[in-house]
Amino acid sequence: MMDNIDLEQQEPFPVDRDGRPIRNEEDEPDGNRKMGCCEKFQRSISKWMLPENHRNVYLERANCCPPPIFIILVSIGELAVFIYYAVWKPQKQWVTLDEGIWNSPLTYKPDHRQEAWRFVSYMFVHAGVEHIVGNLIMQLLLGIPLELVHKGFEVGMVYLAGVLAGSLASSIFDPLSALVGASGGVYALIGGYFMNAVVNFREMIPLLGVFRILAIVMIVGVDFGFAFYRRFINHEDGLKVSFVAHFGGIVAGMTIGYVFFSAYNTKLLKDPRFWICIVGYVVFVLFAVLFNIFLSPAS
């Protein structure tokens, strides 16, 4: 039987760089092979995170090793600090932390802003259960898929840029308020993902695109509402918690985050948008530093 087959007349059988057959996105796996859990997960991630023209490239390279280390380690660190202040530090109630976090060397406080680490370390301290649970859920749901696609360096840079932008913006526009929580980093991830969903709307699955945008708008709207309430309406004793970090984080995400997350499979150093955003961010940081040294009313 094999002698009657002319191999030169057979259609080529395309394979990827690992020797696996390449299938179109619409193709179902053949009957002799079932898709593994990791493969199904990666296919779902590609539909949520990438426009259609990048999905096949991602699926050829995708694997679950290494796992999304950055966002998981940050989340563990934030949870560990919360448990430390909730359990080992004396509190009136651990559901809403009080004295412990305000006296923490991690919290950003206007009168301690010369301790520069506080501009970043405040992300590890949270004011209560609902505060940390909300931030952890959002950053894990969004950060893990983003890190699977863009890897830890890009996600880490965007997250930390949002954290720093949040504290610096707060020190300028709300200079007498304290700051706790990872909202700056979470909002940077949200901002970058939102811009990608809007810009690449036509290249993504339309129904998912509408759902993504509406979900982000609703979540951000509700969270901003609570932040405004805590800042301007809730007059409990203690330091007022700034909401400006949300704005700083989301602006960092919609600029730096958008550039990082839209540059899949391309070289950032050759993208003029990258340099524009980097220069703009550096200028903002320098202005904020000079403002805090010479002009801040918290001095």
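A salt bridge is a side-chain nitrogen of Lys or Arg within 4 Å of a carboxyl oxygen of Asp or Glu. The legends below describe a predicted model, in which local features need pLDDT of at least 70 and side-chain atom pairs count only at pLDDT 80 or more, whereas totals for chains, interfaces and linings use all residues. Residues are numbered from 1 along each chain as its sequence is written, and side-chain values use heavy atoms, with hydrogens and water left out.

**Figure 1. Salt bridges of the model.** Two salt bridges are counted by this rule. Aspartate 271 pairs with arginine 273, and their closest N and O atoms are 2.7 Å apart. Aspartate 271 is buried, at a relative accessible area of 13%, whereas arginine 273 is partly exposed at 31% (buried means under 20% relative accessible area, exposed over 50% and partly exposed in between, with a 1.4 Å probe and protein chains only). A salt bridge also joins the side chains of glutamate 115 and arginine 118, with an N to O distance of 2.4 Å. Here arginine 118 is buried at 5%, and glutamate 115 is partly exposed at 21% relative accessibility.

Figure 2. Histidine 150 is located in helix α6, which covers residues 129-173 (helices are DSSP runs of H or I with at least four residues, strands are runs of E with at least two, and both are numbered from the N terminus). With a relative accessible area of 6%, histidine 150 counts as buried. Leaving aside residues up to four places away in sequence, histidine 150 touches Phe260, Phe261 and Tyr264 (contact means heavy atoms within 4.5 Å). A polar atom of the histidine 150 side chain lies 3.4 Å from the backbone oxygen of phenylalanine 261.

**Figure 3. Aromatic pairs.** The whole structure contains six aromatic pairs (rings of Phe, Tyr and Trp, the last by its six-membered ring, pair if their centres lie within 6.5 Å; planes under 30 degrees apart count as stacked, over 60 as edge-to-face and the rest as tilted). The rings of tyrosine 108 and phenylalanine 119 form a tilted pair, because their planes stand at 50°, with the centres 5.0 Å apart. Tyrosine 108 lies in the loop between α4 (99-102) and α5 (118-121) and phenylalanine 119 in helix α5, so this pair ties together parts eleven residues apart in sequence. Tyrosine 108 is buried at a relative accessible area of 1%, and phenylalanine 119 is buried at 9%. The rings of phenylalanine 260 and phenylalanine 274 have centres 6.0 Å apart and planes at 80°, so they form an edge-to-face pair. Because phenylalanine 260 belongs to helix α9 (residues 244-262) and phenylalanine 274 to helix α10 (residues 272-295), the pair ties together parts 14 residues apart in sequence. Both phenylalanine 260 and phenylalanine 274 are buried. Ring pairs link Phe260, Phe274 and Trp275 into a cluster.

**Figure 4. Tyrosine 193 and glycine 257.** Tyrosine 193 is part of helix α7, residues 183-199, and is buried at a relative accessible area of 7%. Although 64 residues separate tyrosine 193 from glycine 257 in sequence, their C-alpha atoms are 7.6 Å apart in space.

**Figure 5. Context of the close-up views.** The protein chain has ten helices and zero strands. Of its 299 residues, 45% count as buried. Among contacts between residues at least 6 apart in sequence, 69% join residues at least 24 apart.

Technical notes: Polar contact = N/O pair within 3.5 Å; in protein donor to acceptor, adjacent residues only side chain to side chain.
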